[in-house]
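Dear colleague,

I am passing on a structure that I have been reading through, and I would be glad if you kept it open beside this message. My notes follow below it.

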Amino acid sequence: TITLTTNPAGTITLDDSTITAAGGLGDGTGTQGAGANITFANPVALTTGAAAISTGATGGNIAFQNTVNGAQDLTLTAGTGNVTLGGIAGSSATSANRLASLTVDSASAASLNDVFTTGAQAVTADAITLTGTTYATDATTNSTITLTGPVTIEQNTAMTASSVAFTGTLDSDDDGATPAVSEARTLGITGDATFGGAVGDS
């Protein structure tokens, strides 16, 4: 496990960074082992250039426990591991700290808080959970949101992009209350929308 942290008020800066913690193949003839978990405990700032974080194709989770900001591309590859954005990515829809783009190349499960980018958002996972309320690009051409895999929204949600595509099913979940208040959620989309699977389960 790799955990990056600093003092409680500090920020972790990824300056045109690539972090890879993929499992090895032993002598090159064996089966690839699982990658290490990579956790960012503090707020993360992306500067200078793109950031790419990978745990390889065979597992290892990637978790941002706080916010991540900066006008750079962020690419996350977790293979059969999980990706978690626990804090808001990109600050707000009008912030100069919006990410340039967000790509989750692979994950078993991806859980995303609010995401704000100027460019595209593309998430590929076996299960995608949107825990936030807002997912927005600058809505110019090619500033798309593409969610490849079944999607669950946990709150009333708004999405803004030139186009939004759900390739799998789309459903909603309870709000965490006990007992659950309701499993019904609203989804508002500004831009073109494509639904490739059933919406609302049944």
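Does Gly132 count as buried or exposed, and why? In this predicted model, Gly132 belongs to the loop that links β15 (127–130) with β16 (134–136). Gly132 counts as buried because its relative accessibility is 2%, and the cut-off for that class is under 20%. Once residues up to four places away in sequence are set aside, Gly132 touches Leu112, Asn113, Asp114, Gln155 and Thr157. For one of these, Asp114, which is 18 residues from Gly132 along the chain, the C-alpha atoms of the two residues are separated by 4.6 Å.

Turning to the nonpolar side chains, the largest nonpolar core has 40 residues, and Leu74 and Leu76 are those with the most contacts inside it. Strand β19 (residues 157–166) supplies the largest share of this core, namely four residues. If neighbours within four places in sequence are left aside, the residues in contact with Leu76 include Ile53, Ile62, Phe64, Val83, Leu85, Leu102 and Val104, and among them are also Thr103, Asp105 and Ser106.

There is also an open sheet to look at, in which three strands are arranged in the order β2-β5-β8 with parallel pairing. Its edge strands, β2 (12–15) and β8 (68–69), each pair on one side only. Between β2 and strand β5 (residues 44–47), which run parallel, there are four bridges, and Thr13 has Ala45 as its bridge partner in β5.

With best wishes

Conventions: Residues are numbered from 1 along each chain as its sequence is written. This is a predicted model: local features need pLDDT of at least 70, side-chain atom pairs count only at pLDDT 80 or more; totals for chains, interfaces and linings use all residues. Side-chain values use heavy atoms; hydrogens and water are left out. Two strands pair if DSSP finds at least two bridges between them. Helices (H or I, at least four residues) and strands (E, at least two) are DSSP runs, numbered from the N terminus. A nonpolar core is a set of buried Ala, Val, Leu, Ile, Met, Phe, Trp, Tyr and Cys residues joined through side-chain atoms within 4.5 Å. Buried means under 20% relative accessible area, exposed over 50%, partly exposed in between (1.4 Å probe, protein chains only). Contact means heavy atoms within 4.5 Å.
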